[in-house]
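Hi,

Here is the structure I promised to pass along.

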Amino acid sequence: MHPAPSVIVFSTLSGLGFGLLFWLGIDPTPPTGLTAFVFFAIAYALSVGGLISSTFHLGHPERAWRALSQWRSSWLSREGVSAILALLFMGLHAISLIFLEMNATALGLIGAALSLFTVFTTSMIYAQLETVPRWKTPLTPALYLSFSLAGGALLSGLVNMAILLLVIAAIFQFIWWQRGDAALSDSGTDLGTATGLGERGTVRSMAHPHTAPNYLVREFIYVIGRKHAQKLRRIAFGLTFVLPIICLLLPFSHVLAIIAVLSHVAGVATSRWLFFAEAEHVVGLYYGMR
Amino acid sequence: MTDLPAKTDRTLGLVIDLDTCVGCHACVISCKGWNTENYGAPLSDQRPYGTEPMGTFLNRVHSYEVQPEQGSAQTVHFPKSCLHCENAPCVTVCPTGASYKRVEDGIVLVNEDHCIGCGLCAWACPYGARELDQAEGVMKKCTLCVDRIYNENLPEEDQIPSCVRTCPAGARHFGDLSDPKSDVSQLVESRGGFDLMPEMGTLPVNKYLPPRLKDSWDDQSLLAPLLEPVAEEPQGFLGWLDKALDKLPGGTA
(Lines give C-alpha, C1' and ligand atoms only; values in the text may rest on other atoms or scores of the structure.)
Protein backbone atom coordinates (compact mmCIF):
# COMPACT_ATOMS: atom_id res chain seq x y z
CA MET A 1 0.00 0.00 0.00
CA HIS A 2 1.13 3.52 -0.76
CA PRO A 3 2.25 5.10 2.52
CA ALA A 4 0.46 8.46 2.25
CA PRO A 5 2.29 10.93 4.55
CA SER A 6 -1.00 12.48 5.70
CA VAL A 7 -2.30 9.12 6.91
CA ILE A 8 0.97 8.24 8.68
CA VAL A 9 1.04 11.62 10.42
CA PHE A 10 -2.62 11.21 11.37
CA SER A 11 -2.34 7.74 12.83
CA THR A 12 0.91 8.54 14.68
CA LEU A 13 -0.19 11.83 16.22
CA SER A 14 -3.83 11.07 16.91
CA GLY A 15 -2.92 7.70 18.44
CA LEU A 16 -0.64 9.51 20.91
CA GLY A 17 -3.15 12.32 21.47
CA PHE A 18 -6.06 10.04 22.24
CA GLY A 19 -3.77 7.90 24.41
CA LEU A 20 -2.89 10.98 26.45
CA LEU A 21 -6.56 11.97 26.67
CA PHE A 22 -7.36 8.48 27.97
CA TRP A 23 -4.88 8.78 30.84
CA LEU A 24 -6.02 12.35 31.61
CA GLY A 25 -9.62 11.14 31.66
CA ILE A 26 -9.13 8.27 34.12
CA ASP A 27 -6.68 10.12 36.38
CA PRO A 28 -8.31 10.26 39.86
CA THR A 29 -6.13 13.26 40.77
CA PRO A 30 -5.82 15.08 37.45
CA PRO A 31 -3.78 18.25 37.03
CA THR A 32 -5.73 21.49 37.35
CA GLY A 33 -5.26 25.09 36.26
CA LEU A 34 -2.23 25.91 34.13
CA THR A 35 -0.72 22.41 34.33
CA ALA A 36 -4.00 20.95 33.09
CA PHE A 37 -3.99 23.53 30.29
CA VAL A 38 -0.54 22.40 29.11
CA PHE A 39 -1.46 18.69 29.17
CA PHE A 40 -4.76 19.17 27.36
CA ALA A 41 -3.19 21.57 24.85
CA ILE A 42 -0.63 18.88 23.92
CA ALA A 43 -3.33 16.19 23.72
CA TYR A 44 -5.59 18.34 21.54
CA ALA A 45 -2.74 19.52 19.32
CA LEU A 46 -1.85 15.87 18.64
CA SER A 47 -5.35 14.46 18.19
CA VAL A 48 -6.89 17.40 16.31
CA GLY A 49 -3.72 17.97 14.30
CA GLY A 50 -3.80 14.32 13.30
CA LEU A 51 -7.47 14.48 12.34
CA ILE A 52 -6.95 17.59 10.21
CA SER A 53 -3.96 15.98 8.53
CA SER A 54 -6.07 12.96 7.64
CA THR A 55 -8.35 15.15 5.51
CA PHE A 56 -5.43 16.15 3.29
CA HIS A 57 -5.56 12.90 1.34
CA LEU A 58 -9.26 13.29 0.53
CA GLY A 59 -10.36 14.18 -2.99
CA HIS A 60 -13.05 16.46 -1.56
CA PRO A 61 -12.16 17.55 2.01
CA GLU A 62 -14.99 20.12 1.96
CA ARG A 63 -17.46 17.22 2.06
CA ALA A 64 -15.75 15.49 4.99
CA TRP A 65 -18.74 16.16 7.25
CA ARG A 66 -20.71 13.61 5.22
CA ALA A 67 -18.41 10.93 6.63
CA LEU A 68 -20.24 11.18 9.95
CA SER A 69 -23.43 9.73 8.51
CA GLN A 70 -22.75 6.00 8.04
CA TRP A 71 -21.69 4.98 11.55
CA ARG A 72 -24.01 1.97 11.44
CA SER A 73 -21.95 0.19 8.78
CA SER A 74 -18.62 1.97 8.27
CA TRP A 75 -15.63 1.93 10.62
CA LEU A 76 -14.31 5.11 9.02
CA SER A 77 -17.56 6.87 9.81
CA ARG A 78 -17.50 5.49 13.37
CA GLU A 79 -13.98 6.84 13.75
CA GLY A 80 -15.16 10.35 12.85
CA VAL A 81 -18.16 10.26 15.18
CA SER A 82 -16.18 8.73 18.04
CA ALA A 83 -13.33 11.23 17.67
CA ILE A 84 -15.70 14.20 17.80
CA LEU A 85 -17.55 12.83 20.83
CA ALA A 86 -14.28 12.04 22.61
CA LEU A 87 -12.96 15.55 21.95
CA LEU A 88 -16.27 17.04 23.10
CA PHE A 89 -16.41 15.16 26.42
CA MET A 90 -12.70 15.64 27.10
CA GLY A 91 -13.08 19.31 26.18
CA LEU A 92 -15.74 19.78 28.86
CA HIS A 93 -13.57 17.84 31.30
CA ALA A 94 -10.62 20.09 30.42
CA ILE A 95 -12.68 23.29 30.88
CA SER A 96 -13.84 22.20 34.30
CA LEU A 97 -10.27 21.26 35.33
CA ILE A 98 -8.58 24.37 33.92
CA PHE A 99 -11.06 27.10 34.77
CA LEU A 100 -13.19 25.67 37.58
CA GLU A 101 -10.41 23.53 39.10
CA MET A 102 -13.08 20.87 39.47
CA ASN A 103 -12.72 17.16 38.62
CA ALA A 104 -15.88 15.95 36.89
CA THR A 105 -15.01 12.23 37.13
CA ALA A 106 -17.90 11.03 34.97
CA LEU A 107 -16.98 13.35 32.09
CA GLY A 108 -13.39 12.15 32.27
CA LEU A 109 -14.34 8.47 32.28
CA ILE A 110 -16.73 8.81 29.35
CA GLY A 111 -14.14 10.86 27.46
CA ALA A 112 -11.44 8.27 28.22
CA ALA A 113 -13.62 5.41 26.97
CA LEU A 114 -14.45 7.33 23.78
CA SER A 115 -10.76 8.20 23.24
CA LEU A 116 -9.80 4.56 23.43
CA PHE A 117 -12.73 3.57 21.21
CA THR A 118 -11.55 6.11 18.63
CA VAL A 119 -8.17 4.38 18.44
CA PHE A 120 -9.99 1.05 18.13
CA THR A 121 -12.09 2.35 15.21
CA THR A 122 -8.93 3.56 13.46
CA SER A 123 -7.42 0.11 13.78
CA MET A 124 -10.62 -1.56 12.54
CA ILE A 125 -10.51 0.46 9.31
CA TYR A 126 -7.46 -1.65 8.48
CA ALA A 127 -8.28 -4.85 10.36
CA GLN A 128 -11.59 -5.23 8.50
CA LEU A 129 -9.97 -5.43 5.07
CA GLU A 130 -10.04 -8.95 3.64
CA THR A 131 -7.99 -7.53 0.75
CA VAL A 132 -4.87 -6.90 2.87
CA PRO A 133 -4.11 -10.18 4.68
CA ARG A 134 -1.32 -8.55 6.70
CA TRP A 135 -3.87 -6.24 8.35
CA LYS A 136 -6.79 -8.65 8.63
CA THR A 137 -6.19 -9.85 12.18
CA PRO A 138 -7.32 -9.03 15.75
CA LEU A 139 -3.64 -8.28 16.36
CA THR A 140 -4.04 -5.01 14.45
CA PRO A 141 -6.42 -3.46 17.05
CA ALA A 142 -4.15 -4.89 19.77
CA LEU A 143 -1.19 -3.18 18.11
CA TYR A 144 -2.91 0.20 17.76
CA LEU A 145 -4.41 0.17 21.26
CA SER A 146 -1.18 -0.89 22.96
CA PHE A 147 0.79 1.77 21.06
CA SER A 148 -1.72 4.45 21.97
CA LEU A 149 -1.88 3.49 25.64
CA ALA A 150 1.91 3.26 25.92
CA GLY A 151 2.47 6.58 24.13
CA GLY A 152 -0.22 8.26 26.23
CA ALA A 153 1.33 6.96 29.45
CA LEU A 154 4.72 8.21 28.29
CA LEU A 155 3.34 11.67 27.53
CA SER A 156 1.44 11.91 30.81
CA GLY A 157 4.57 11.04 32.80
CA LEU A 158 3.32 7.75 34.25
CA VAL A 159 6.79 6.22 34.32
CA ASN A 160 6.09 2.70 35.61
CA MET A 161 2.91 2.33 33.57
CA ALA A 162 4.74 3.59 30.47
CA ILE A 163 7.53 1.01 30.89
CA LEU A 164 5.03 -1.83 31.34
CA LEU A 165 2.91 -0.75 28.36
CA LEU A 166 5.94 -0.19 26.13
CA VAL A 167 6.99 -3.77 26.82
CA ILE A 168 3.48 -5.02 26.00
CA ALA A 169 3.33 -2.92 22.82
CA ALA A 170 6.77 -4.22 21.83
CA ILE A 171 5.53 -7.80 22.17
CA PHE A 172 2.47 -7.05 20.01
CA GLN A 173 4.64 -5.31 17.44
CA PHE A 174 6.98 -8.32 17.27
CA ILE A 175 4.13 -10.85 16.91
CA TRP A 176 2.36 -8.63 14.38
CA TRP A 177 5.45 -8.50 12.16
CA GLN A 178 6.03 -12.26 12.48
CA ARG A 179 2.47 -13.09 11.52
CA GLY A 180 2.35 -10.46 8.80
CA ASP A 181 5.21 -11.87 6.79
CA ALA A 182 3.32 -15.11 6.15
CA ALA A 183 -0.16 -13.58 6.01
CA LEU A 184 -0.53 -13.36 2.23
CA SER A 185 0.70 -16.87 1.52
CA ASP A 186 -1.37 -18.25 4.43
CA SER A 187 -4.49 -16.54 3.07
CA GLY A 188 -4.59 -18.95 0.12
CA THR A 189 -5.26 -16.15 -2.33
CA ASP A 190 -2.94 -16.13 -5.32
CA LEU A 191 -3.03 -15.39 -9.03
CA GLY A 192 -4.63 -18.82 -9.48
CA THR A 193 -7.71 -17.97 -7.40
CA ALA A 194 -7.70 -14.38 -8.66
CA THR A 195 -8.11 -15.52 -12.26
CA GLY A 196 -9.89 -18.79 -11.51
CA LEU A 197 -7.33 -20.48 -13.78
CA GLY A 198 -5.05 -21.87 -11.05
CA GLU A 199 -6.27 -25.46 -11.40
CA ARG A 200 -5.07 -25.59 -15.00
CA GLY A 201 -1.48 -24.73 -14.26
CA THR A 202 0.83 -21.95 -13.22
CA VAL A 203 -0.61 -18.55 -14.06
CA ARG A 204 1.78 -15.78 -15.01
CA SER A 205 0.98 -12.18 -15.83
CA MET A 206 2.14 -11.69 -19.39
CA ALA A 207 0.99 -8.17 -20.15
CA HIS A 208 -0.48 -5.42 -18.01
CA PRO A 209 -3.61 -3.69 -19.28
CA HIS A 210 -1.63 -0.53 -19.95
CA THR A 211 2.00 0.29 -20.59
CA ALA A 212 2.32 2.78 -17.71
CA PRO A 213 1.37 2.43 -14.04
CA ASN A 214 -2.20 3.39 -13.14
CA TYR A 215 -3.97 4.48 -9.93
CA LEU A 216 -4.24 0.87 -8.74
CA VAL A 217 -0.55 0.18 -9.21
CA ARG A 218 0.46 3.38 -7.44
CA GLU A 219 -1.98 3.03 -4.55
CA PHE A 220 -1.78 -0.70 -3.88
CA ILE A 221 1.47 -2.08 -5.24
CA TYR A 222 4.03 -0.07 -3.35
CA VAL A 223 7.35 -1.88 -3.37
CA ILE A 224 9.84 0.94 -2.85
CA GLY A 225 11.85 0.50 0.32
CA ARG A 226 10.98 -3.18 0.76
CA LYS A 227 14.64 -4.09 0.66
CA HIS A 228 15.27 -1.91 3.72
CA ALA A 229 12.27 -3.25 5.60
CA GLN A 230 14.27 -5.38 8.05
CA LYS A 231 16.62 -2.51 8.81
CA LEU A 232 13.71 -0.11 9.28
CA ARG A 233 12.01 -2.57 11.61
CA ARG A 234 15.07 -2.61 13.84
CA ILE A 235 15.22 1.19 13.78
CA ALA A 236 11.49 1.47 14.56
CA PHE A 237 11.79 -1.06 17.39
CA GLY A 238 14.78 0.71 18.92
CA LEU A 239 13.22 4.17 18.72
CA THR A 240 9.69 3.20 19.80
CA PHE A 241 10.54 0.93 22.71
CA VAL A 242 14.19 0.39 23.60
CA LEU A 243 15.47 3.97 23.84
CA PRO A 244 12.38 5.32 25.70
CA ILE A 245 12.51 2.44 28.20
CA ILE A 246 16.22 3.09 28.87
CA CYS A 247 15.47 6.80 29.36
CA LEU A 248 12.65 5.97 31.76
CA LEU A 249 14.83 3.57 33.79
CA LEU A 250 17.55 6.20 34.28
CA PRO A 251 17.13 8.76 37.09
CA PHE A 252 14.49 11.30 36.02
CA SER A 253 15.48 14.41 34.14
CA HIS A 254 13.47 16.60 31.76
CA VAL A 255 16.05 16.15 28.99
CA LEU A 256 15.74 12.35 29.18
CA ALA A 257 11.94 12.64 29.20
CA ILE A 258 11.98 14.76 26.05
CA ILE A 259 14.40 12.33 24.38
CA ALA A 260 12.11 9.43 25.32
CA VAL A 261 9.05 11.15 23.84
CA LEU A 262 10.72 12.30 20.62
CA SER A 263 12.32 8.90 20.10
CA HIS A 264 8.97 7.20 20.66
CA VAL A 265 7.16 9.49 18.19
CA ALA A 266 9.84 8.95 15.53
CA GLY A 267 9.69 5.20 16.13
CA VAL A 268 5.89 5.04 15.87
CA ALA A 269 6.00 7.04 12.64
CA THR A 270 8.57 4.60 11.21
CA SER A 271 6.47 1.64 12.31
CA ARG A 272 3.40 3.17 10.67
CA TRP A 273 5.31 3.80 7.46
CA LEU A 274 6.18 0.09 7.43
CA PHE A 275 2.55 -0.74 8.28
CA PHE A 276 1.53 0.68 4.91
CA ALA A 277 4.62 0.16 2.79
CA GLU A 278 4.87 -3.55 3.60
CA ALA A 279 1.15 -4.29 3.27
CA GLU A 280 0.31 -6.36 0.21
CA HIS A 281 -3.08 -5.70 -1.36
CA VAL A 282 -4.39 -8.72 -3.27
CA VAL A 283 -5.09 -6.61 -6.37
CA GLY A 284 -1.32 -6.71 -6.89
CA LEU A 285 -1.75 -10.37 -7.82
CA TYR A 286 -3.59 -9.38 -11.01
CA TYR A 287 -0.51 -7.38 -11.95
CA GLY A 288 1.80 -10.30 -11.18
CA MET A 289 3.53 -8.13 -8.63
CA ARG A 290 3.48 -10.19 -5.46
CA MET B 1 -27.19 4.11 3.15
CA THR B 2 -24.19 1.86 2.95
CA ASP B 3 -26.00 -1.15 4.33
CA LEU B 4 -26.31 -3.77 1.62
CA PRO B 5 -29.81 -4.78 0.53
CA ALA B 6 -30.79 -8.22 1.84
CA LYS B 7 -32.08 -9.13 -1.59
CA THR B 8 -32.28 -7.41 -4.95
CA ASP B 9 -35.23 -7.70 -7.36
CA ARG B 10 -32.95 -8.55 -10.25
CA THR B 11 -29.24 -9.32 -10.41
CA LEU B 12 -27.88 -7.68 -13.51
CA GLY B 13 -24.34 -8.50 -14.47
CA LEU B 14 -21.90 -9.67 -17.10
CA VAL B 15 -20.71 -13.07 -18.20
CA ILE B 16 -17.27 -12.94 -19.77
CA ASP B 17 -16.14 -15.73 -22.02
CA LEU B 18 -12.40 -16.27 -21.64
CA ASP B 19 -12.54 -18.78 -24.47
CA THR B 20 -13.68 -16.17 -26.94
CA CYS B 21 -11.93 -13.00 -25.80
CA VAL B 22 -9.18 -12.12 -28.24
CA GLY B 23 -7.69 -9.34 -26.09
CA CYS B 24 -8.39 -6.53 -28.57
CA HIS B 25 -9.27 -3.98 -25.83
CA ALA B 26 -12.23 -2.68 -27.85
CA CYS B 27 -14.41 -2.97 -24.71
CA VAL B 28 -11.89 -0.84 -22.81
CA ILE B 29 -12.05 1.94 -25.37
CA SER B 30 -15.82 1.92 -25.82
CA CYS B 31 -16.24 1.95 -22.03
CA LYS B 32 -13.90 4.89 -21.69
CA GLY B 33 -15.69 6.74 -24.49
CA TRP B 34 -19.23 6.17 -23.25
CA ASN B 35 -18.46 6.87 -19.61
CA THR B 36 -16.46 9.99 -20.35
CA GLU B 37 -19.37 11.52 -22.23
CA ASN B 38 -22.25 10.35 -20.08
CA TYR B 39 -22.98 9.38 -16.43
CA GLY B 40 -21.02 11.36 -13.84
CA ALA B 41 -17.63 13.00 -14.01
CA PRO B 42 -15.61 12.30 -17.17
CA LEU B 43 -12.80 9.74 -16.97
CA SER B 44 -9.73 11.93 -16.95
CA ASP B 45 -6.29 11.29 -18.38
CA GLN B 46 -3.04 12.57 -17.01
CA ARG B 47 -0.18 13.21 -19.47
CA PRO B 48 -2.04 11.31 -22.22
CA TYR B 49 0.68 12.06 -24.76
CA GLY B 50 3.61 12.12 -22.35
CA THR B 51 6.12 9.46 -21.41
CA GLU B 52 4.08 7.92 -18.60
CA PRO B 53 0.41 8.37 -19.44
CA MET B 54 -2.10 7.63 -16.72
CA GLY B 55 -5.86 7.66 -16.77
CA THR B 56 -9.05 6.38 -15.23
CA PHE B 57 -10.51 3.24 -16.77
CA LEU B 58 -13.49 1.24 -15.57
CA ASN B 59 -12.55 -1.83 -17.52
CA ARG B 60 -9.08 -3.20 -18.14
CA VAL B 61 -7.85 -6.26 -20.03
CA HIS B 62 -5.00 -8.29 -18.56
CA SER B 63 -3.18 -11.05 -20.41
CA TYR B 64 -2.03 -14.20 -18.65
CA GLU B 65 -0.10 -17.28 -19.58
CA VAL B 66 -1.22 -20.55 -18.05
CA GLN B 67 1.45 -23.23 -18.06
CA PRO B 68 0.04 -26.70 -17.37
CA GLU B 69 2.27 -29.38 -15.91
CA GLN B 70 2.48 -30.98 -19.31
CA GLY B 71 2.05 -29.53 -22.74
CA SER B 72 2.35 -26.05 -24.06
CA ALA B 73 1.30 -22.84 -22.35
CA GLN B 74 -2.00 -21.15 -23.08
CA THR B 75 -2.59 -17.43 -23.43
CA VAL B 76 -5.74 -16.09 -21.76
CA HIS B 77 -6.94 -12.52 -22.27
CA PHE B 78 -8.74 -11.42 -19.19
CA PRO B 79 -11.10 -8.41 -19.13
CA LYS B 80 -11.85 -7.16 -15.62
CA SER B 81 -14.36 -4.58 -14.41
CA CYS B 82 -16.67 -4.23 -11.39
CA LEU B 83 -18.28 -7.58 -10.57
CA HIS B 84 -21.26 -5.92 -8.80
CA CYS B 85 -20.81 -8.29 -5.84
CA GLU B 86 -23.81 -9.35 -3.80
CA ASN B 87 -21.72 -8.93 -0.67
CA ALA B 88 -19.88 -5.84 -1.87
CA PRO B 89 -17.22 -4.81 0.69
CA CYS B 90 -16.75 -1.46 -1.10
CA VAL B 91 -20.28 -0.43 -0.14
CA THR B 92 -20.18 -1.16 3.58
CA VAL B 93 -16.86 0.61 4.19
CA CYS B 94 -18.07 3.89 2.64
CA PRO B 95 -18.31 6.54 5.38
CA THR B 96 -20.61 8.90 3.47
CA GLY B 97 -23.20 6.61 1.92
CA ALA B 98 -21.97 7.62 -1.55
CA SER B 99 -21.45 3.97 -2.50
CA TYR B 100 -24.59 1.92 -2.69
CA LYS B 101 -26.09 -1.20 -4.20
CA ARG B 102 -29.42 -0.76 -5.94
CA VAL B 103 -32.33 -2.86 -4.70
CA GLU B 104 -34.04 -2.98 -8.10
CA ASP B 105 -31.20 -4.49 -10.13
CA GLY B 106 -28.18 -4.99 -7.88
CA ILE B 107 -25.98 -2.46 -9.68
CA VAL B 108 -23.28 -0.95 -7.42
CA LEU B 109 -23.02 2.79 -7.98
CA VAL B 110 -21.28 5.85 -6.55
CA ASN B 111 -23.15 9.07 -5.86
CA GLU B 112 -20.35 11.38 -6.95
CA ASP B 113 -21.87 14.42 -5.22
CA HIS B 114 -21.47 12.70 -1.85
CA CYS B 115 -18.10 11.01 -2.46
CA ILE B 116 -15.25 12.56 -0.44
CA GLY B 117 -12.57 10.66 -2.35
CA CYS B 118 -11.12 8.88 0.69
CA GLY B 119 -10.35 5.81 -1.40
CA LEU B 120 -11.35 3.27 1.24
CA CYS B 121 -13.79 1.51 -1.12
CA ALA B 122 -10.94 0.93 -3.56
CA TRP B 123 -8.93 -0.54 -0.67
CA ALA B 124 -11.79 -2.88 0.15
CA CYS B 125 -12.20 -4.15 -3.42
CA PRO B 126 -10.05 -7.22 -4.15
CA TYR B 127 -10.52 -6.86 -7.91
CA GLY B 128 -9.17 -3.37 -8.54
CA ALA B 129 -12.54 -2.35 -9.94
CA ARG B 130 -12.56 1.15 -8.48
CA GLU B 131 -10.28 3.98 -9.47
CA LEU B 132 -10.05 7.42 -7.89
CA ASP B 133 -10.21 9.95 -10.69
CA GLN B 134 -7.10 12.10 -10.39
CA ALA B 135 -8.78 15.20 -11.83
CA GLU B 136 -12.19 15.01 -10.15
CA GLY B 137 -11.14 13.52 -6.80
CA VAL B 138 -14.09 11.14 -6.76
CA MET B 139 -14.31 7.37 -7.06
CA LYS B 140 -15.18 6.01 -10.48
CA LYS B 141 -16.43 2.52 -11.23
CA CYS B 142 -18.41 0.50 -13.77
CA THR B 143 -22.08 1.52 -13.74
CA LEU B 144 -23.09 -1.43 -15.91
CA CYS B 145 -24.01 1.42 -18.27
CA VAL B 146 -27.05 2.25 -16.19
CA ASP B 147 -27.56 5.19 -18.55
CA ARG B 148 -27.83 2.87 -21.57
CA ILE B 149 -29.70 -0.19 -20.35
CA TYR B 150 -32.81 1.79 -19.32
CA ASN B 151 -32.43 4.50 -21.97
CA GLU B 152 -35.43 4.30 -24.27
CA ASN B 153 -34.02 7.04 -26.50
CA LEU B 154 -31.51 4.49 -27.75
CA PRO B 155 -32.37 1.80 -30.31
CA GLU B 156 -33.18 -1.46 -28.53
CA GLU B 157 -29.98 -3.19 -29.63
CA ASP B 158 -27.98 -0.43 -27.94
CA GLN B 159 -29.74 -0.81 -24.59
CA ILE B 160 -26.93 -3.00 -23.25
CA PRO B 161 -23.60 -2.04 -21.68
CA SER B 162 -21.20 -0.36 -24.07
CA CYS B 163 -18.54 -3.08 -23.65
CA VAL B 164 -21.02 -5.82 -24.54
CA ARG B 165 -22.33 -3.89 -27.56
CA THR B 166 -18.80 -3.30 -28.82
CA CYS B 167 -17.13 -6.67 -28.33
CA PRO B 168 -16.36 -7.90 -31.86
CA ALA B 169 -15.81 -11.46 -30.65
CA GLY B 170 -19.06 -11.81 -28.72
CA ALA B 171 -17.12 -12.60 -25.58
CA ARG B 172 -19.26 -10.45 -23.29
CA HIS B 173 -22.84 -11.16 -22.29
CA PHE B 174 -25.27 -9.08 -20.24
CA GLY B 175 -28.39 -10.15 -18.41
CA ASP B 176 -30.21 -11.05 -15.22
CA LEU B 177 -28.24 -13.71 -13.36
CA SER B 178 -31.00 -14.20 -10.79
CA ASP B 179 -33.26 -15.62 -13.51
CA PRO B 180 -32.24 -19.24 -14.16
CA LYS B 181 -33.86 -19.09 -17.62
CA SER B 182 -31.92 -16.06 -18.82
CA ASP B 183 -29.31 -16.50 -21.54
CA VAL B 184 -26.53 -15.53 -19.17
CA SER B 185 -27.63 -18.02 -16.50
CA GLN B 186 -27.83 -20.76 -19.15
CA LEU B 187 -24.32 -19.91 -20.31
CA VAL B 188 -22.98 -20.07 -16.75
CA GLU B 189 -24.77 -23.38 -16.25
CA SER B 190 -23.64 -25.05 -19.45
CA ARG B 191 -20.09 -23.75 -19.54
CA GLY B 192 -19.21 -23.98 -15.86
CA GLY B 193 -18.97 -20.27 -15.13
CA PHE B 194 -16.88 -19.40 -12.09
CA ASP B 195 -16.21 -16.61 -9.57
CA LEU B 196 -12.98 -14.67 -9.10
CA MET B 197 -11.41 -15.00 -5.62
CA PRO B 198 -14.40 -16.85 -4.13
CA GLU B 199 -12.48 -17.09 -0.84
CA MET B 200 -12.97 -13.34 -0.31
CA GLY B 201 -16.68 -13.96 0.33
CA THR B 202 -17.73 -11.12 -1.97
CA LEU B 203 -20.19 -13.26 -3.96
CA PRO B 204 -19.49 -11.62 -7.32
CA VAL B 205 -22.41 -11.38 -9.74
CA ASN B 206 -20.25 -11.32 -12.88
CA LYS B 207 -19.11 -14.76 -13.94
CA TYR B 208 -16.24 -15.96 -16.11
CA LEU B 209 -16.47 -18.82 -18.57
CA PRO B 210 -13.32 -20.97 -18.75
CA PRO B 211 -11.21 -21.17 -21.89
CA ARG B 212 -11.19 -24.50 -23.71
CA LEU B 213 -8.14 -26.60 -23.07
CA LYS B 214 -5.59 -26.26 -25.80
CA ASP B 215 -5.62 -28.90 -28.57
CA SER B 216 -2.67 -31.16 -29.01
CA TRP B 217 -1.13 -32.39 -32.31
CA ASP B 218 -1.95 -35.92 -31.20
CA ASP B 219 -5.66 -35.22 -31.01
CA GLN B 220 -7.71 -36.81 -33.77
CA SER B 221 -9.23 -34.07 -35.87
CA LEU B 222 -12.89 -34.37 -36.82
CA LEU B 223 -11.93 -33.51 -40.39
CA ALA B 224 -9.08 -36.02 -40.62
CA PRO B 225 -11.14 -38.87 -42.29
CA LEU B 226 -12.30 -36.45 -44.97
CA LEU B 227 -8.76 -35.45 -45.78
CA GLU B 228 -7.54 -39.03 -46.40
CA PRO B 229 -6.66 -39.72 -50.11
CA VAL B 230 -9.71 -41.43 -51.62
CA ALA B 231 -7.67 -44.03 -53.55
CA GLU B 232 -3.99 -44.78 -53.35
CA GLU B 233 -3.89 -46.22 -56.92
CA PRO B 234 -5.83 -44.50 -59.71
CA GLN B 235 -8.47 -46.69 -61.29
CA GLY B 236 -10.74 -46.60 -64.35
CA PHE B 237 -10.12 -43.87 -66.93
CA LEU B 238 -7.55 -42.15 -64.70
CA GLY B 239 -5.77 -45.50 -64.27
CA TRP B 240 -5.59 -45.99 -68.08
CA LEU B 241 -4.42 -42.36 -68.52
CA ASP B 242 -1.75 -42.83 -65.84
CA LYS B 243 -0.39 -45.93 -67.52
CA ALA B 244 -0.62 -44.42 -71.02
CA LEU B 245 1.30 -41.33 -69.96
CA ASP B 246 3.94 -43.48 -68.26
CA LYS B 247 4.58 -45.25 -71.61
CA LEU B 248 5.34 -42.04 -73.46
CA PRO B 249 9.01 -41.11 -73.75
CA GLY B 250 10.35 -38.65 -71.22
CA GLY B 251 10.61 -40.85 -68.16
CA THR B 252 8.08 -41.71 -65.49
CA ALA B 253 6.89 -39.31 -62.83
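Let's start with helix 10 of chain A, where A:A260, A:S263, A:H264, A:V265, A:G267, A:V268, A:T270, A:S271, A:R272, A:L274 and A:F275 are buried. Buried here stands for 20 or more other C-beta atoms within 10 Å of the residue's own, with C-beta atoms placed from the backbone (exposed is 12 or fewer, partly exposed is in between). Helices are DSSP runs of H or I with at least four residues, strands are E runs of at least two, and both are numbered from the N terminus.

Before going on, some housekeeping: this is a predicted model, so local features need pLDDT of at least 70 and side-chain atom pairs count only at pLDDT 80 or more, while totals for chains, interfaces and linings use all residues. Residues are numbered from 1 along each chain as its sequence is written, and chains are lettered from A and ligands numbered from 1 in the order in which they are written.

Back to helix 10 of chain A: the cover over its buried residues includes helix 1 (5-26), helix 5 (139-155), helix 6 (159-187) and helix 9 (229-249) of chain A. Its length checks out too, because 24 residues at 1.5 Å a residue should span 34 Å and the end C-alpha atoms are 34 Å apart (the expected span is 1.5 Å times one less than the number of residues).

Now for where the chains meet. In total, 44 residues of chain A are in contact with 53 residues of chain B, contact being C-beta atoms, placed from the backbone, within 7 Å. On the chain A side, strand 1 gives the most, with six residues. Strand 1 of chain A also pairs with strand 4 (residues 59-67) of chain B, antiparallel, over five bridges; pairing takes at least two DSSP bridges.

Domain 1 of chain A puts seven residues into the contact and domain 2 of chain A puts in 13.

Cheers

Notes: Contact = placed C-beta atoms within 7 Å.
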